[in-house]
Amino acid sequence: MLFDTHAHYDDEAFDADRAELLASMPGRGVGLIVNPGCTVKSSRTAVSLAEAFPHVYAAVGIHPENCADFAPVHMDEIRALAGRDKVVAIGEIGLDYYWPENPPRALQQQVLRAHMALAQELGLPVIIHDREAHADCLAVVREFPAVTGVFHCYSGSVEMARELLDRGWMLSFNGALTFKNARRAPEVVAEIPMDRLMIETDAPYLAPVPYRGKRNNSGYVHLVAEKIAEIKGLSAEEVEQITWDNGRRFFRIA
């Protein structure tokens, strides 16, 4: 079975067929899914979906693109949600410097540190979004040596990957790995050991080739596993089993 460690089924792109699509996944070979929230509201939805489907788990947090109205009370709400049975991580959190209209960098960093402190308090891993913010993300990671997590849709360098691995972190890859213009991600996949690697879709975004540009879903995560198998010189079945085991270990799912 495959483990899609990052998919946003709370997204409005799934409003028409969310329940049917999620219910179909075990029959399509996808045995586990983690749905990270990006706001307090979407985190609540992620928890509700996890409670409705046995193979779905949730993470809770505030995405850097969505933190403009951040207030301390939001962390109280995230803390309460994090105590629910099927919440396995704090996320999706991080820094995003790509869009100029995003919240100010100082605010993004403040919100990230608040979530890292909560993860440390609760003993939960984190799911990091890092877009054009590698140095600052790594600086925050260094401030919280007791916290580990995963950089989802990893886009940093091999050198950054090595430091994260030394600190006990995981790296995750999605459909972007299959794109013709992918350069850095394949180099990182080739470099890192298989026991520190996970797969994801980031659905509904970043659908892998040959579905690029279409709505993504967990049924396509096998294409990411197949690309990793190609890079690593392994069978797709081997990558499927290793990433399944890695995801269950990382998220502490028995």
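User: Is Glu-132 buried or exposed?

Analyst: This is a predicted model, in which local features need pLDDT of at least 70, side-chain atom pairs count only at pLDDT 80 or more, and totals for chains, interfaces and linings use all residues. Residues are numbered from 1 along each chain as its sequence is written, and side-chain values use heavy atoms, with hydrogens and water left out. Buried means under 20% relative accessible area and exposed over 50%, with partly exposed in between (1.4 Å probe, protein chains only). Because its relative accessibility is 54%, Glu-132 counts as exposed.

User: Where does Glu-132 lie, and what is its phi?

Analyst: Helices (H or I, at least four residues) and strands (E, at least two) are DSSP runs, numbered from the N terminus. On that numbering, Glu-132 is found in the loop between β5 and α5. Although Glu-132 is not a glycine, its phi is positive, at about 55 degrees.

User: What is the phi of Cys-153, and how accessible is Cys-153?

Analyst: Cys-153 sits in the loop between β6 (149–151) and α6 (158–166). Its phi is a positive value in a residue other than glycine, near 45 degrees. Cys-153 is partly exposed, because its relative accessible area is 22%.

User: Which residues have the most contacts inside the largest nonpolar core?

Analyst: A nonpolar core is a set of buried Ala, Val, Leu, Ile, Met, Phe, Trp, Tyr and Cys residues joined through side-chain atoms within 4.5 Å. The largest one has 71 residues, and those with the most contacts inside it are Met-116, Phe-151, Leu-171 and Phe-173. The largest share of this core, six residues, comes from helix α4 (residues 105–122). Apart from it lies another core, of 15 residues, which includes Leu-32, Ala-89, Met-198 and Trp-244.

User: Which residues does Met-116 touch, not counting residues up to four places away in sequence?

Analyst: Met-116 is one of the buried residues of α4, among which are also Leu-112, His-115 and Ala-119. What covers the buried residues of α4 includes α3, β4 (87–96), β5 (126–131) and α5 (134–143). With contact meaning heavy atoms within 4.5 Å, Met-116 touches Ile-93, Val-126, Ile-128, Val-140, Val-141, Phe-144, Val-147 and Trp-169, residues up to four places away in sequence not being counted.

User: How far apart are the end C-alpha atoms of α4?

Analyst: The expected span of a helix is 1.5 Å times one less than its number of residues. The 18 residues of α4 should therefore span 26 Å, and this agrees with the separation of its end C-alpha atoms, which is 26 Å.

User: At what angle do α3 and α4 pack?

Analyst: The contact brings Met-75, Ile-78, Arg-79 and Ala-82 in α3 against Ala-114, His-115, Leu-118, Glu-121 and Leu-122 in α4. By class, it has six nonpolar, one polar and two charged residues, where Ala, Val, Leu, Ile, Met, Phe, Trp, Tyr, Cys and Pro count as nonpolar, Asp, Glu, Lys and Arg as charged, and the others, Gly among them, as polar. Axes are lines fitted to C-alpha atoms, for helices over the stretch in contact, and angles run from 0 to 180 degrees between N-to-C directions. The axes of helix α3 (residues 72–82) and α4 are 11 Å apart, and the angle is about 35 degrees.

User: At roughly what angle do the axes of α7 and α8 cross?

Analyst: Pro-186, Val-189, Ala-190 and Glu-191 of α7 make the contact with Ile-228, Ile-231 and Lys-232 of α8. These residues divide into five nonpolar, no polar and two charged. The axes of helix α7 (residues 184–191) and helix α8 (residues 221–232) come within 9 Å and cross at roughly 65 degrees.

User: Is His-8 buried or exposed?

Analyst: His-8 lies in the loop between β1 (2–4) and α1 (18–24). Leaving aside its neighbours within four places in sequence, its contacts include Phe-14, Glu-92, Ala-203 and Pro-204. Because its relative accessible area is 4%, His-8 is buried.

User: What is the omega of the peptide bond from Ala-203 to Pro-204?

Analyst: Pro-204 lies in the loop between β8 (197–199) and α8, and Pro-210 is found in the loop between β8 and α8. The peptide bond from Val-209 to Pro-210 is cis, with omega near 15 degrees. The bond from Ala-203 to Pro-204 is cis, with omega near 10 degrees.
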